[in-house]
Amino acid sequence: MEVNMHKWLMLLVVLVARPVLGQGAIVLIGEPAGAEVLITGPGDFKFESELPVVARGLVDGAYAVQVSRQGYVSQSQKVSVSSAQRITVEVKLTKVASNSS
């Protein structure tokens with residue numbers, strides 16, 4: 001009985017640790033650190049965080065990525081994720097020009 005229980009526990013660990021097939025990820029890196037990130041996508045998917053960030057468990061489809069921070073010009077782009085794909089997006093926000101008169 002002890003040997004069989006050990007085999008079941010090993011199987012359970014393997015199943016839990018194995019990544020889910022068909023799911024992808026978007027990795028966002030760049031400057032300035034701490035910039036606000038919003039990712040929206042299929043099925044009312046919405047993910048909010050700060051740079052740098054990894055959004056995991058994404059289904060196939062098109063995602064809108066928006067990065068913003070006060071005092072900087074925001075950036076937006078579309079990213080397509082397919083089965084088990086990890087997409088890296090690098091952003092560098094530029095400071096808003098100040099009007100010195």
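**Confidence first**

Guide: pLDDT is the predictor's confidence in each residue, from 0 to 100. Helices (H or I, at least four residues) and strands (E, at least two) are DSSP runs, numbered from the N terminus. This is a predicted model: local features need pLDDT of at least 70, side-chain atom pairs count only at pLDDT 80 or more, and totals for chains, interfaces and linings use all residues. Residues are numbered from 1 along each chain as its sequence is written, and side-chain values use heavy atoms, with hydrogens and water left out.

Visitor: Over which residues is the pLDDT below 50?
Guide: Residues 5-20. Beyond near neighbours in sequence, that stretch has 0 contacts in the model (heavy atoms within 4.5 Å). Where pLDDT is low, the predicted coordinates should not be read in detail.

Visitor: And the mean pLDDT of the protein chain?
Guide: 82, with 76% of residues reaching 70 or more.

Visitor: Strands next. What order do they take in the sheet?
Guide: S3-S2-S5-S6, in an open sheet of 4 strands with antiparallel pairing. Two strands pair if DSSP finds at least two bridges between them.

Visitor: Which are the edge strands?
Guide: S3 (45-50) and S6 (75-81); each pairs on one side only.

Visitor: How many bridges join S2 to S3?
Guide: 6, with S2 covering residues 36-41. Leucine 38 stands opposite glutamate 48 in S3.

Visitor: Glutamate 48. What does its side chain meet in a salt bridge?
Guide: Lysine 46, at 4.0 Å, N to O. The structure holds 1 salt bridge (a side-chain nitrogen of Lys or Arg within 4 Å of a carboxyl oxygen of Asp or Glu).

Visitor: Is that pair buried or exposed?
Guide: Lysine 46 is exposed at 56% relative accessibility, and glutamate 48 is exposed at 59%. Buried means under 20% relative accessible area, exposed over 50%, partly exposed in between (1.4 Å probe, protein chains only).

Visitor: Switching to aromatics. How many pairs are there?
Guide: A search of the whole structure finds 1. Phenylalanine 45 and tyrosine 63 are edge-to-face, 5.6 Å centre to centre, with 90° between the planes. Rings of Phe, Tyr and Trp (its six-membered ring) pair if their centres lie within 6.5 Å; planes under 30 degrees apart count as stacked, over 60 as edge-to-face, the rest as tilted.

Visitor: What does that pair tie together?
Guide: Phenylalanine 45 is in S3 and tyrosine 63 in S5 (residues 61-68), so the pair ties parts 18 residues apart in sequence. Tyrosine 63 is buried at 1%, while phenylalanine 45 is partly exposed at 23%.
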